[in-house]
Amino acid sequence: MSFTATSVSAESSDQKLQTLNNERTQLDAQKTDLEKERLNLNAEKKTLEEKKKKLGNKKKNDKEYQNWLNNYNKWLRKYQKWEAKHKKWSTRNHAWQVNYNNCMNSR
C-alpha cells in the first residue's frame with residue numbers, strides 16, 4: 001500500500017515539475033518579448049528627446065510643440081502599459097519560483 005502511495009506521489013511530483021518547466025518556458029519567452037519592447041520604447045524616447053532639443057524654446061501653443069507633446073503622451077501611455085505587463089510578469093515569475101522551490105523541497 002505504501003509503495004503505491006509513493007509511486008503516485010512521485011508521479012504527481014514529476015507531473016508538477018513538468019508543468020513548472022512548461023511555465024518557465026512561457027515566462028522566459030514573455031521576458032524576451034518584454035525586453036525587446038523595452039528596447040523599442042527606449043529608442044522611441046531617445047528620438048522624442050532629440051526632437052524636443054530641436055524644438056528649443058518653442059511656445060506651448062506652437063503647432064510643432066503640440067505635435068511633439070501628443071507623440072510624447074502616446075509614448076507615455078505605451079510605456080505605462082509596458083510597466084503593467086512587466087509587473088504582471090514579475091508577479092507570475094515570483095509565484096513560479098515559490099512553486100518550483102516547494103516542488104523541489106517536497107521531492
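The model examined here is predicted.

**Exercise 1.** Classify Tyr-79 and Trp-75 as buried, partly exposed or exposed.

*Solution.* Tyr-79 has a relative accessible area of 25% and is therefore partly exposed, because the buried class requires a value under 20% and the exposed class one over 50%. Trp-75, at 3% relative accessibility, counts as buried.

**Exercise 2.** Determine how the rings of Trp-75 and Tyr-79 are arranged.

*Solution.* Begin with sequence position: both residues belong to helix H2 and are four residues apart, about one turn of the helix. An α-helix has 3.6 residues a turn, so residues three or four places apart point the same way. Next, take the geometry: Tyr-65 and Trp-68 have ring centres 5.9 Å apart and planes at 35°, so that pair is tilted. For Trp-75 and Tyr-79 the centres are 5.4 Å apart and the planes stand at 15°, so this pair is stacked; the cut-off for stacking is under 30 degrees. Both pairs fall within one aromatic cluster, formed by Tyr-65, Trp-68, Tyr-72, Trp-75, Tyr-79 and Trp-82.

**Exercise 3.** Check the span of H2 against its number of residues.

*Solution.* Helix H2 covers residues 63-105. With 1.5 Å a residue, its 43 residues should span 63 Å, and the end C-alpha atoms are 63 Å apart, which agrees.

**Exercise 4.** Which residue caps the N-terminal end of H2?

*Solution.* The cap is Asp-62, one of whose side-chain oxygens lies 2.9 Å from the backbone nitrogen of Glu-64.

Methods: Residues are numbered from 1 along each chain as its sequence is written. This is a predicted model: local features need pLDDT of at least 70, side-chain atom pairs count only at pLDDT 80 or more; totals for chains, interfaces and linings use all residues. Side-chain values use heavy atoms; hydrogens and water are left out. Helices (H or I, at least four residues) and strands (E, at least two) are DSSP runs, numbered from the N terminus. The expected span of a helix is 1.5 Å times one less than its number of residues. A polar contact is a pair of N or O atoms within 3.5 Å; within protein, one must be able to donate a hydrogen and the other to accept it, and residues adjacent in sequence count only if both atoms are side-chain atoms. Rings of Phe, Tyr and Trp (its six-membered ring) pair if their centres lie within 6.5 Å; planes under 30 degrees apart count as stacked, over 60 as edge-to-face and the rest as tilted. Buried means under 20% relative accessible area, exposed over 50%, partly exposed in between (1.4 Å probe, protein chains only).
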